[in-house]
Amino acid sequence: MPRSTILTQQADSFRFQAWIRRIQYPRDCRATTGAITRRDYFYVLGLGAQMVSMKFNFVHSLLQGMVYHLPTTHYANPLRCPSRSFDCYFEPPTNCSTAQHARTLDVKIHWCFDIPRRRLTRMARLRAVHSSAWYHAQLSAFLFRPNAAMREYIEASRAGMEYANVQNRTRSVSTHRGANSSCVAMHIRRTDKHSEDHRTKERGFQDFVHIYKSWAYWSYPGVPSQLQVLLGSEDKTTFTKMPRLLSPSLVYWLPSRLFVMDSTAGKRFINIKQGNHRLAELYGLQEDEAEADRKAGRPPNPSLRKDEGMALIAQILLMSQCDVFIGSYSSNVAILVHDLLLARKVALHEEAISLDVNGRTYCGCGASFCMQIERKLEKGYSLGSTPLTAKQLVEKFQY
């Protein structure tokens with residue numbers, strides 16, 4: 001990419017963020033309209049899908065001149081953060097409260113539409129029209145700024161990473177620098193996406209290994225054996241099998257003790273519906289135990305404040321701090337890592353490298369949207385006798 005283009009992207013990123021702040025931080029909240037996502041449907045989504053949908057609701061609010069507020073999520077532990085808002089993890093997106101606006105609207109979820117790049121360029125007075133990925137990155141960079149509690153949690157998590165050496169022995173480390181110039185993030189999802197991803201019902205570990213080692217050999221300018229791989233996954237098998245396959249690279253990951261969800265017999269993650277039900281059950285048990293401790297006069301048990309949303313978001317943010325990402329854009333988590341990695345690289349005048357294990361092109365939204373478009377394109381979906389283009393198919397999803 002020409003250096004002039006990189007510099008323009010960086011300069012425009014400052015302009016775009018400033019434009020967002022003018023809307024989100026008005027001088028008089030009483031003269032504005034607030035917007036917050038309704039809970040219906042939003043609460044049946046996984047955390048990655050919730051966060052990606054927030055990105056679309058956010059840009060919809062900006063286009064309408066409304067002040068966006070973070071919604072609540074069932075992934076937040078009510079004992080740690082009773083509001084259960086995404087404010088539990090991220091900096092508040094506005095200086096206004098919902099009560100201060102002239103009116104606050106409960107808006108429906110806006111899910112996966114084509115970002116109006118030229119309109120946003122005009123509104124924010126940018127120097128150039130950029131790729132859709134650039135706008136997605138800027139929106140995510142503003143929305144998902146970790147708050148003080150999340151920053152502290154990330155640093156503690158980084159210090160307690162589990163890692164495997166080439167002999168595949170694992171142990172906890174007291175200090176770990178984590179993401180640096182030789183860090184590759186790899187997100188491997190091997191559960192419910194099997195039923196949605198028509199390209200592959202079972203994406204094997206070897207496919208990820210092949211892409212990683214090919215990139216390390218042909219494209220990495222340093223010594224491949226010095227690369228470090230940060231694994232993100234909900235499947236424990238990933239952490240037992242991948243380190244040996246990625247040898248001699250150092251492989252590390254967040255330890256299972258940080259997560260609320262367990263993988264014991266009969267309780268492993270199967271799909272989002274089952275996972276949401278199981279998480280609610282586990283949080284309920286934690287609340288019952290905390291109440292029993294309170295009645296018995298026992299001191300609060302810190303382990304009962306363990307927060308699934310915090311652990312999952314920390315994993316996303318840590319992966320985005322690497323220089324290279326390997327995953328599948330059928331996952332909304334991969335979309336978020338792509339967004340945040342790109343935003344960081346734009347700010348640093350550096351190229352962002354993201355590789356999709358299925359050979360897909362980034363489209364800003366995970367499973368349902370991109371794969372439905374993909375299926376219809378492959379089948380030659382038409383209106384009457386005229387095949388629809390990719391742009392026409394996307395427009396059928398417009399809000």
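This briefing describes the fold of one protein chain, from its overall make-up down to single residues. The model is predicted: local features need pLDDT of at least 70, side-chain atom pairs count only at pLDDT 80 or more, and totals for chains, interfaces and linings use all residues. Residues are numbered from 1 along each chain as its sequence is written, and side-chain values use heavy atoms, with hydrogens and water left out.

**The chain as a whole**

- The protein chain holds twelve helices and twelve strands; helices (H or I, at least four residues) and strands (E, at least two) are DSSP runs, numbered from the N terminus.
- Of its 399 residues, 53% count as buried, where buried means under 20% relative accessible area, exposed over 50%, and partly exposed in between (1.4 Å probe, protein chains only).
- A contact means heavy atoms within 4.5 Å. Among contacts in the protein chain with a separation of 6 or more, 74% come from residues 24 or more positions apart.
- The protein chain exposes about 18600 Å², and carbon and sulfur atoms supply 53% of that area. Accessible areas come from the Shrake-Rupley method with a 1.4 Å probe; for residues, only the protein chains shown count as cover.

- Two strands pair if DSSP finds at least two bridges between them.
- Strand β6 (residues 183-188) runs parallel to β7, with six bridges joining the two. In this pairing, H187 stands opposite G232 of β7.
- Strand β7 (residues 228-233) has six of its six residues buried. Q228, L230 and G232 point one way, while V229, L231 and S233 point the other way.
- In a regular strand the side chains alternate between the two faces of the sheet.
- β7 also pairs with β8 in the parallel sense, over three bridges. The bridge partner of L230 in β8 is Y252.
- β7, helix α7 (residues 236-245) and β8 make a right-handed β-α-β unit. A crossover is right-handed if, with the strands pointing away from the viewer, the path from the first strand over the helix to the second runs clockwise.
- Y252 lies in strand β8 (residues 250-253). Y252 counts as buried because its relative accessible area is 1%.
- Y252 and E162 are 90 residues apart in sequence, but their C-alpha atoms are 5.5 Å apart in space.

- β6 and β9 run parallel and are joined by three bridges; here M186 stands opposite I326.
- β9 pairs with strand β10 (residues 353-356) in the parallel sense over four bridges. G327 stands opposite D356 in β10.
- β9, helix α10 (residues 332-347) and β10 make a right-handed β-α-β unit.

**The sheet of β2, β1 and β3**

- These three strands form an open sheet in the order β2-β1-β3, with parallel pairing. β2 (67-68) and β3 (103-107) stand at the edges with a single partner strand each, so one side of each has no neighbour in the sheet.
- Strand β1 (residues 33-37) pairs with β2 over two bridges in the parallel sense. A35 has Y68 as its bridge partner in β2.

- Two packed helices are described by the angle between their axes and the distance between the axes.
- Axes are lines fitted to C-alpha atoms, for helices over the stretch in contact, and angles run from 0 to 180 degrees between N-to-C directions.
- The axes of helix α4 (residues 132-143) and α10 come within 8 Å and cross at roughly 95 degrees. Therefore α4 is roughly perpendicular to α10; angles under 35 degrees count as roughly parallel, over 145 as roughly antiparallel, 65 to 115 as roughly perpendicular and the rest as oblique.
- Residues in this contact include W134 and A137 of α4 and L340 and A343 of α10.
- Helix α2 (residues 47-64) packs against α4 at an angle of about 95 degrees, with the axes 10 Å apart. That makes α2 roughly perpendicular to α4.
- Among the residues making the contact are F58 and V59 of α2 and L139 and F142 of α4.

- T121 is found in helix α3 (residues 117-124) and counts as buried because its relative accessibility is 8%. Not counting residues up to four places away in sequence, T121 touches L126, A128, V129 and Y135.
- L304 sits in the loop between α8 (272-296) and α9 (308-320). Its relative accessibility is 6%, so L304 counts as buried.
- L304 and E289 are 15 residues apart in sequence and 8.0 Å apart in space, C-alpha to C-alpha. Not counting residues up to four places away in sequence, L304 touches N77, L79, Q286, E289, A290 and D293.
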